[in-house]
Amino acid sequence: QVHVVESGGGLVQPGGSLTLSCVASLDRFPLYAVNWYRQTPGQQREWVATINTNRTSHYADSVKGRFTCSRNNAAKTAYLQMNSLQSEDTAVYLCNVARYTTMENFWGQGTQVTVSS
């Protein structure tokens with residue numbers, strides 16, 4: 001059974017920073033892209049960012065320039081560095097690990113990020 005676990009969420013003031021981690025129990029983790037999503041109550045899940053197997057990254061316009069993806073394949077971990085956080089960034093952040101060639105797709109349970117003064 002594959003486990004995907006996010007951590008690093010918490011309460012932060014506007015303008016602050018947090019770094020989220022996503023650990024996946026996948027032997028072939030380097031072959032998987034890692035997608036970050038966020039969700040607020042009553043809203044659709046929103047794609048935030050992706051880091052591909054070749055370490056290229058893509059970001060939603062709402063976070064571009066403020067969020068940065070990275071990955072440590074040896075540790076089977078991906079990171080989402082979030083800077084200049086705003087109240088609109090408040091959400092549960094979820095990690096999705098996907099291998100498109102095999103249609104594998106795994107989700108974590110999410111970690112809460114709250115931006116408030």
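**Sheet, core and aromatic contacts in a predicted model**

Within strand S8, Tyr79 is the bridge partner of Ser70. The structure is a predicted model, in which local features require pLDDT of at least 70 and side-chain atom pairs count only at pLDDT 80 or more, whereas totals for chains, interfaces and linings use all residues. Residues are numbered from 1 along each chain as its sequence is written, and side-chain values use heavy atoms, with hydrogens and water left out.

S7 and S8 (residues 77-82) pair in the antiparallel sense over six bridges; strands are DSSP runs of E of at least two residues, numbered from the N terminus, and two of them pair if DSSP finds at least two bridges between them. Both belong to an open sheet of four strands, ordered S1-S3-S8-S7, with antiparallel pairing. Its edges are formed by S1 (4-7) and S7 (67-72), each of which pairs on one side only.

The loop between S7 and S8 contains Asn73. This residue counts as buried because its relative accessibility is 18% (buried, under 20% relative accessible area; exposed, over 50%; partly exposed, in between; 1.4 Å probe, protein chains only). Apart from neighbours within four places in sequence, Asn73 is in contact (heavy atoms within 4.5 Å) with Phe29, Pro30 and Arg55. Phe29 also has Arg71 over its face, at 4.7 Å from the ring centre; for such an arrangement, NZ of Lys or CZ of Arg must be within 6 Å of the ring centre and within 35 degrees of the ring normal.

Beyond neighbours within four places in sequence, the contacts of Met82 include Leu18, Leu20, Phe67, Tyr93 and Val113.

Two aromatic pairs were identified, with ring centres of Phe, Tyr or Trp (six-membered ring) within 6.5 Å and planes classed as stacked under 30 degrees, edge-to-face over 60 and tilted otherwise. Tyr32 and Phe106 form a tilted pair, 6.5 Å centre to centre with 50° between the planes. Tyr37 and Trp107 are also tilted, at 5.1 Å and 50°. Tyr37 lies in S4 and Trp107 in S10, so this pair ties together parts 70 residues apart in sequence. The charged end of Arg45 sits over the ring of Trp107, 4.5 Å from its centre.
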